[in-house]
Amino acid sequence: MLISKIIIFSLISGLAAQKICTFPTAKIINGKLKVHRVSCCEGYKQVCADPLECVPICKVSCRSGTCTEPNVCTCNKGYVNFNNDRSNRCDPFCKGCDKGTCQSRGRCVCSNGHQLDKKTNNCIPQCASGCPNGKCIKPNKCACNKGYTLKDTTQVCVPTCNDNCERAFGFCAAPNRCQCNKGYVPKPNSKSFACQPVCESGCENGVCRAPGICECNTFYREDADKNCAPICDKGCPNGKCTAPNVCTCMAGYTKVGNNACVAVCTAGCKNGVCVAPNVCSCDAGYAKREGVCTPVCKDGCENGLCVSPEKCSCNNGFEMESGSENRCVPVCTGGCKNGFCASPGKCSCNKGYSKASNSTCSPVCTNGCENGFCASPEKCSCNNGFEMESGSGNRCVPVCTGGCKNGFCASPGKCSCNKGYSKASNSTCSPVCTNGCENGFCASPEKCSCNNGFEMESGSENRCVPVCTGGCKNGFCASPGKCSCNKGYSKESNSTCSPVCTKGCENGFCASPEKCSCNNGFEMESGSENRCVPVCRGGCKNGFCASPGKCSCNKGYSKESNSTCSPVCTKGCENGFCVSPEKCLCNNGFEMESGSENRCVPVCRGGCKNGFCASPGKCSCNKGYSKESNSTCSSVCTKGCENGFCVSPEKCLCNNGFEMESGSENRCVPVCRGGCKNGFCASPGKCSCNKGYSKESNSTCSPVCTKGCENGFCVSPEKCLCNNGFEMESGSENRCVPVCRGGCKNGFCASPGKCSCNKGYSKESNSTCSPVCTNGCENGFCASPEKCSCNNGFEMESGSENRCVPVCRGGCKNGFCASPGKCSCNKGYSKESNSTCSPVCTNGCENGFCASPEKCSCNNGFEMESGSENRCVPVCRGGCKNGFCASPGKCSCNKGYSKESNSTCSPVCTKGCENGFCVSPEKCLCDNGFEMESGSENRCVPVCRGGCKNGFCASPGNCSCNKGYSKESNSTCSPVCTKGCENGLCVSPEKCLCNNGFEMESGSENRCVPVCTGGCENGFCVSPGACSCNDEEMWIYAYFCQFMDLFGALELFPHEGNTIEHLKWLFIITGIIAFLLAVVIAIMMMCIFTKRNLYVDKNEGKFDVYISRNKVPSNVVLN
């Protein structure tokens, strides 16, 4: 009894732990029948049927938590229930996080304008300015320390001073402490704060008006060093202004008049004028040379000399060129063919030519002309029977009119074969395959190509096997394009044999002979070999398996998962769940809406002011309101209320002393009743100045120019206006300078309408000053004080500052520049171009060039001939075997030879040497394995010692088969029958001969069939003299097939009487034994069935459970 109670308690505890409940499904009648149904309790759902397993249901997703009871979420570590309601989702928890959002466990993300404080984990406001001298109380909102006021435009706290620091050229550095601006110092002995400017260099002869800016006294001006210098109205050319309108002359000059100084030249200036102390400037048509003014011919005197301005005279051996007045050319009496007269009586060759005689030049081809001759510079012409090689300009190659297929043209009209080829005709060479090509042909040296319908056998290079294009699946290729099937397979297509299953394969396929495989989602039925049934792996709760992996649901249920069907409520269950077809149950915290059968609404016990009940015990606010407490919502102004407060959704009211800004709905600005000229109202009744202004009164600000306004006054921040007669200096914003309307060239305006010259200049007119060069400018002019510029065609002489010499832009190689752009040659040189003089070698330089007067150098690839000073001969470094050196590095061949390499010539056999090589002109020698053909002098044929039966010798020791034959051995070829010879042999190409006992099938040329002399009635001949019956149930006797019973068949063989008698008794005994076995099996089955009925009757009485309807007691009612 105790054990029974323990078992029952354990079962009940297990059911409770699994949230399993027992439901009644039938009534108790007279205390006899009590039936219960075990299922998941309310608020739980079934996840497994056997054994029964139930899990709680939460109407909302727990997210970072677990549903541990119906509508109860237990949160993971670091997470809490939303609004601390256990039925709500689990949100991340962050310590602090004021003014921020907790996005994940321990991770706080601050609102805009805030930054996380790692110590407190709260979000503190940020101000872009940093709030110096104050504290940031809201994003970009500062509160200033005592003695400071907020500048709204920059949100910076600036100090306040009772004195007006800006007006006295200073600034407020700290509360009630002024400091002078840069460039200013405190004014001594001043009773109030004042600053005065500083000029670091002093201000001699002037007054310091602003930092570093002096204002000069009358008759003085500011010089380059910012000092005040005296003014001489007419300037001091060649002198110095030492006091107002007082000049002192420089050394080497003497005073003429009050303020003029002129240069002195003690030796005088012939054909010129004194421009500086002891410096002359030449007259027109003359130029300074070695301190003397000499005549100038502007275009020079080529090969002559200038005797007077623009007048030339020619040197000896030269004459004036026709139509020219300054160019003298050399004279060569005998002329210069393909050249030109380089010097008196001496010719030089044109480019691309070399000296042939004193008066003649011949063309040069530097790379030579192989098998040709040089027709013009670097231009070759070919000999007869040759043509220019493509892409070459100097190599002529022989011409073979008909071409040389698989070979090359060795000499005009003669071909030689490439390696691996032999001569087929005068213009064609055919490839050689030494091992032959079985079922194919030789396509290239030692490379076979197969005949149509064949392909190269794997691992072989000369044996071709038949091809079945689509392959022969489960078979083999018997001949090109024809397959035969393996045993147990039958022909499905030309290239495929499929396995045969004689009984078929239900819901499957035949994988191999007599072997079925099931389709996907099916499995073989137990006890069967050819029937497949569908499989549903997870079972089908409340349904049945209709197809592989697919369940169909019972009526009133729908698919919940692949293996489960759940009850259906067609109208749904809002905030509840379907417990059975068309039956809803509400979630915790919800109740069924009045008049509805499927809609559950949440319950909030304390009401929801300015909101509505969104979920059980939780209110949501109406639009424009936010949560103030669990049951109350307050109005929201999304943009905030600057200097005010929110009275209703999006509606602000201003604080005292503020009013709503025009065009704004949420920004209140302070009010200053008297206005703020050049400033703005910073707080109620208090003005702040705009940038660039300073406080003049409570309601007025005046502009500030921090650097002052020299010769003007301040009209707006950092903006000056000039006094009359002055204008703003270029590049400056605060300095006004005097105006001289006509300008002051090379000077400056000292006062309105009055110019003074710069240092180094002298007065030329009221508005112009000219530069002074004390030493003058030879062949040039004074461009700036003590700085000369040269005339066109001249440049400053190196090491000099005032002497200009003529310029020849291209230089004067081997000569000198006589005048701008004109060269004259040195001795031993003659004019080659405007800028070059070349040396003269009177006897010329054959295959070379004149390097210096009367000195020759050889061209590249040439060397000086022994015993000569002007003749260069070509050099071939590797020598010229069977030839001679025609040009540098280029050999020409002797007669009967042609070019083999750059330094070697090989003999030529004009008719070629087939399968041999040329040993001397017109003399051939055969290659190994070849011999000279009888009656020929240039054709070598291959030698096969053993002969070539049904073929020919293709290469030494290797035979090739005739058409229709294939290689049988090295010296024998056998005939080929491409379609084979069934039951016969191939005796000649495409000709079959049948084996003994076979004959050629009618209409065929390659199929031999067996012969049965007496014929085969009701059958066919399977081999010579052997028949086979058409039907398997027929019996053959001699050449005759017929149907018959077993005993009748046996009687056809009288000579086997004893054997037949024994067989009859064997059949009779076998039948008797089979009958006795059947009787024994029937008796055993009857005994087993009777025993089972007795056992069932006994159990029905014991457990009050009845299988047979007629044995149920009368007091039990059956449904």
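**Ground rules.** I am working with a predicted model, where local features need pLDDT of at least 70, side-chain atom pairs count only at pLDDT 80 or more, and totals for chains, interfaces and linings use all residues. I number residues from 1 along each chain as its sequence is written, and side-chain values use heavy atoms, with hydrogens and water left out.

**Overall form.** I found three helices and 120 strands in the protein chain; these are DSSP runs numbered from the N terminus, helices being H or I with at least four residues and strands E with at least two. The chain is more spread out than a compact globule, because its radius of gyration is 64 Å, well over the 32 Å from the globule rule for 1119 residues. That radius is taken over C-alpha atoms, and the rule is 2.2 Å times the number of residues to the power 0.38. I also noted that the C-alpha trace spans about 175 × 135 × 45 Å along its principal axes.

I get an accessible surface of about 70200 Å² for the protein chain, 49% of it belonging to carbon and sulfur atoms (Shrake-Rupley method, 1.4 Å probe). Of the 1119 residues, 28% are buried, that is, under 20% relative accessible area with only protein chains counted. For charge, I have 119 positive and 95 negative side chains, with the centres of the two sets 10 Å apart. Lys and Arg count as positive and Asp and Glu as negative, while His and the chain ends are not counted; each charge is placed at NZ of Lys, CZ of Arg, CG of Asp or CD of Glu.

**H114.** I located H114 in strand β11, residues 114-116. A polar atom of the H114 side chain lies 3.2 Å from the backbone oxygen of N112. Beyond four places in sequence, H114 has contacts that include K99, C123 and P139.

**E560.** My next stop, E560, sits in strand β63, residues 557-561. Setting aside neighbours within four places, E560 is in contact with C565 and S566. I also checked G1071, which is 511 residues from E560 along the chain; their C-alpha atoms are 62 Å apart.

**S824.** Is S824 buried or exposed? I find S824 buried, at a relative accessible area of 9%. S824 belongs to strand β94, residues 822-825, and, not counting residues up to four places away, touches C301, G815, F816, A818 and C837.

Conventions:
Buried means under 20% relative accessible area, exposed over 50%, partly exposed in between (1.4 Å probe, protein chains only). A polar contact is a pair of N or O atoms within 3.5 Å; within protein, one must be able to donate a hydrogen and the other to accept it, and residues adjacent in sequence count only if both atoms are side-chain atoms. Contact means heavy atoms within 4.5 Å.
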